[in-house]
Amino acid sequence: MAEEQEKKTFDWLPEGMEPLADGEYDAIIMGTGLKECVISGLLSVQGMRVLQMDRNNYYGADCASLNLTNLYKKFNAGEPPENLGANRDFNVDLIPKFIMACGNLTKMLLHTKVTRYLEFKSIEGSYVYKGGKILKVPATPEEALRSPLMGLFEKRRFRNFLVFVDNYDETKPATHQGKDLTGMTMKKLYESFGLQPDTHQFISHAMCLELDDVHLDQPALATVKNLQTYCYSLSRYGASPYIYPVYGLGGLPEGFSRLCAIHGGTFMLNRDVDEIMYNDKGEAIGVKSGNEMARAKFVVGDPSYFPKEKVRSTGQIVRCICFLNHPIPNCGDLESVQVIIPGPQVNRKNDIFVCSLSSSHAVSASGVYIAIVSTKMEGNDADKEVIPGLALLGHIMQRFTMVETTYEPVSDGNADKCFISSSFDASSHFEADVDDLLSLYTRVTGKTLDMNINADSVEADY
């Protein structure tokens, strides 16, 4: 009798097909990348019935953290050498990114209380490449006055600019100093403080985290808000504005998956989607996997799960994962750092990002440092694209290089009920990716996620 009750039947199920899991859901999520797991967690908290599937046998998709064996297997590099250390000591991110301490991803972690499943530590240093040298991004006004990034008079102008940004409140005209940042371009704002082009570049790329120079000719408000977040995060944690989960980024999607599971979500790993099913109006109504089917009101997923006509390429990204037996030189022997190479410094349009982690964040064996160099491709030679970044690393014991095509959806998903995330960008932080995640949430739910939580309220010692 119990067996008959378990075997559900549905009017929509074709003959010979079996229901996939419980058969009917509000949402089917394809992939367990960070964006997909955040969406599944948020939807399940709101009472939706969620089925989440992944073709891999591990969580994280492109955001996974791999041990040594799986990393070498992914790159067909044979057996890992024994001198690197124990397999279990490694959690190597395929897409390495740091988290802005008081940015939107931190707010999202706090909003959902996923912080209870994770432990974070701060990143020890933030650097910028200028004139052939690696220079520390100033963490305090006093450091700014001592920094070799600028001359004496420029430092004073820079300090005045930072005071303006710190005091600026969009809702309080008294803090605007007569400047309308909704109309004034970022370039004009810099010039109004007498700042030189080299300083524009350093602030925009190393502090505002702009990826190119397009923003200079756009209204300054968005960039100023980015700078405020950076400065606020910096003041919160001191050495750098970034934090990072112990044991790697793979813990983030796992944390949101746990949130979804607690609220009744169903997970199926090692299960690919063979086909997305549509009704007569062209709206997605479910998925097929083998001889099993599940129905839903809509589907969400990363670009790899959808037909080519629903996504378009946005370029290519090259990432190099490097094993070092030393910290990155000229960065104060720190265990964890970020170095941003502004594109114009090395005759490029796009910035090059270098980040380094070690056993202090439990991602490698003691004495082994993992450095990752990434950038958006501008030509056809991947090795040539990352030369300026690799040149900063010193001796490299082992290097893995991957080139990936990035995609974005061609539509917002409202017409076909296919809500698609964009690929992760080349940067070593999550800021632009979180913007895409918030946009995805709004497209799926029709609501804006409340991000008014104070990122200072996290109960942990970073």
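This is a predicted model: local features need pLDDT of at least 70, side-chain atom pairs count only at pLDDT 80 or more; totals for chains, interfaces and linings use all residues.

Modeller: Strands β12 and β13 pair in the antiparallel sense, over four bridges.

Within the pairing, I276 has V287 in β13 as its bridge partner. The two strands make a hairpin with five residues between them, and G282 in that turn has a positive phi of about 85°. Strand β13 covers residues 284-289, and five of its six residues are buried, so β13 is largely enclosed by the rest of the structure.

On to the next strand. β13 also pairs with β14, again in the antiparallel sense and over four bridges. Here G286 stands opposite R295 in β14. These two strands form a hairpin as well, with two residues between them, and G290 in the turn has a positive phi of about 65°.

β14, residues 292-295, is joined to β1 by three bridges, and these two strands run parallel. E24 stands opposite R295 in β14.

Put together, the strands make an open sheet of four, in the order β1-β14-β13-β12, with mixed pairing. Its edge strands are β1 and β12 (275-278), each of which pairs on one side only. From one strand to the next, the twist averages 25°.

P14 is found in the loop between α1 (2-6) and β1 (18-24). The C-alpha atoms of P14 and N291 are separated by 10.0 Å, although the two residues are 277 apart along the chain. P14 has 38% relative accessibility, so P14 counts as partly exposed.

α2 is mostly covered, with 11 of its 12 residues buried. The buried residues include L34, K35 and E36 as well as V38, I39, L42 and L43. What covers the buried residues of α2 includes the strands β2 (27-30), β3 (50-53) and β15 (298-301), together with the helices α4 (104-111), α10 (251-262) and α13 (431-445). The helix is followed by G47, which has a positive phi near 95°.

L34, one of the buried residues of α2, is in contact with L252. Leaving aside neighbours within four places in sequence, L252 is also in contact with I99, L105, L109, L118, F120, P245 and F430. L252 is one of the residues with the most contacts inside the largest nonpolar core, which has 98 residues; F161, F202 and F323 are the others named. Apart from that core lies another, of 24 residues, with L334, I352, M377 and L392 among them. As a general matter, nonpolar side chains in soluble globular proteins tend to be buried together.

F98 and Y242 form one that is tilted, at 6.0 Å centre to centre with 45° between the planes. F98 lies in the loop between β5 (92-93) and β6 (99-100), whereas Y242 lies in strand β10 (residues 242-245), so the pair ties together parts that are 144 residues apart in sequence. Both F98 and Y242 are buried.

F323 and F400 form an aromatic pair that is edge-to-face, with 6.0 Å centre to centre and 80° between the planes. This pair also links distant parts of the chain: F323 is in strand β16 (residues 311-324) and F400 in strand β20 (residues 398-409), 77 residues apart. F323 is buried, with a relative accessible area of 0%. F400 counts as buried because its relative accessibility is 4%, the cut-off being under 20%. Together with Y72, F75 and F90, F323 and F400 form one aromatic cluster.

Key
Residues are numbered from 1 along each chain as its sequence is written. Side-chain values use heavy atoms; hydrogens and water are left out. Buried means under 20% relative accessible area, exposed over 50%, partly exposed in between (1.4 Å probe, protein chains only). Contact means heavy atoms within 4.5 Å. A nonpolar core is a set of buried Ala, Val, Leu, Ile, Met, Phe, Trp, Tyr and Cys residues joined through side-chain atoms within 4.5 Å. Two strands pair if DSSP finds at least two bridges between them. Axes are lines fitted to C-alpha atoms, for helices over the stretch in contact, and angles run from 0 to 180 degrees between N-to-C directions. Rings of Phe, Tyr and Trp (its six-membered ring) pair if their centres lie within 6.5 Å; planes under 30 degrees apart count as stacked, over 60 as edge-to-face and the rest as tilted.
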